[in-house]
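Hi,

Here is the structure I promised to pass on. Have a look at it first, then read my notes below.

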Amino acid sequence: MAAVVKALNAKIRSNPVANYLCSTHFWGPASNFGIPIAAVLDTQKSPELISGQMTGALTIYAFTFMRYSLAVTPRNYLLFACHFVNAGAQLTQGYRYLDWHYWGGKDKAVQKAMTAPVAAAAVAK
C-alpha cells in the first residue's frame, strides 16, 4: 500500500500544475481568502458594527503578510493577492469606522433619519 501511495505522489509531483495545487503555496492562500471576502461583504453593513481594534489588527496582519509572501522562496503571489485584497478591505472598514465614530457620520445619519419622515409627509400632501 505504501508503494502505491509513493508512486501516486511521484506522479502528482511530476506535473508542475498538480504539484502546485497540492502544495501549501496554493491551499494556504485559498483557505485564507475567507477573511478578505468577509471584509468586502461587511462593507455593505452598518458602520456601527465595525470594531476599530479588530480592524486595526487585521490591517497590520494584512500588511505584514503581504511582505512575508514576497520574502519567502519561491514568492507566493496568490498569498500576496489575498492580503492585498484584505488590506484594501480593512482600510475601507477603518475609514468607515473613523467616519462613523469621529468625523460626524453618526450625526449625519441621525439627522437624515429625522428629516426623512418630514419629507415623506410633505410628499404625501
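Tyr-95 sits in helix α6. Keep in mind that this is a predicted model.

Let's start with the helix itself. α6 covers residues 77-101, so 25 residues by the numbering of its DSSP run. From its first C-alpha to its last it reaches 36 Å, close to the 36 Å expected at 1.5 Å a residue. At its start, a side-chain oxygen of Asn-76 comes to within 3.4 Å of the backbone nitrogen of Leu-78. Quite a few α6 residues are buried, including Leu-79, Cys-82, His-83, Ala-87, Tyr-97 and Trp-100.

Now for the rings. How many aromatic pairs are there? The count comes to 6. In one of them, Tyr-95 and Trp-103 are tilted, with 5.7 Å centre to centre and 55° between the planes. Tyr-97 and Tyr-102 also pair up: their ring centres are 6.2 Å apart, and because their planes meet at 70°, over the cut-off of 60, the pair is edge-to-face. Elsewhere, ring pairs link Tyr-61, Phe-65 and Tyr-68 into a cluster.

Cheers

Conventions. Residues are numbered from 1 along each chain as its sequence is written. This is a predicted model: local features need pLDDT of at least 70, side-chain atom pairs count only at pLDDT 80 or more; totals for chains, interfaces and linings use all residues. Side-chain values use heavy atoms; hydrogens and water are left out. Rings of Phe, Tyr and Trp (its six-membered ring) pair if their centres lie within 6.5 Å; planes under 30 degrees apart count as stacked, over 60 as edge-to-face and the rest as tilted. Helices (H or I, at least four residues) and strands (E, at least two) are DSSP runs, numbered from the N terminus. The expected span of a helix is 1.5 Å times one less than its number of residues. Buried means under 20% relative accessible area, exposed over 50%, partly exposed in between (1.4 Å probe, protein chains only). A polar contact is a pair of N or O atoms within 3.5 Å; within protein, one must be able to donate a hydrogen and the other to accept it, and residues adjacent in sequence count only if both atoms are side-chain atoms.
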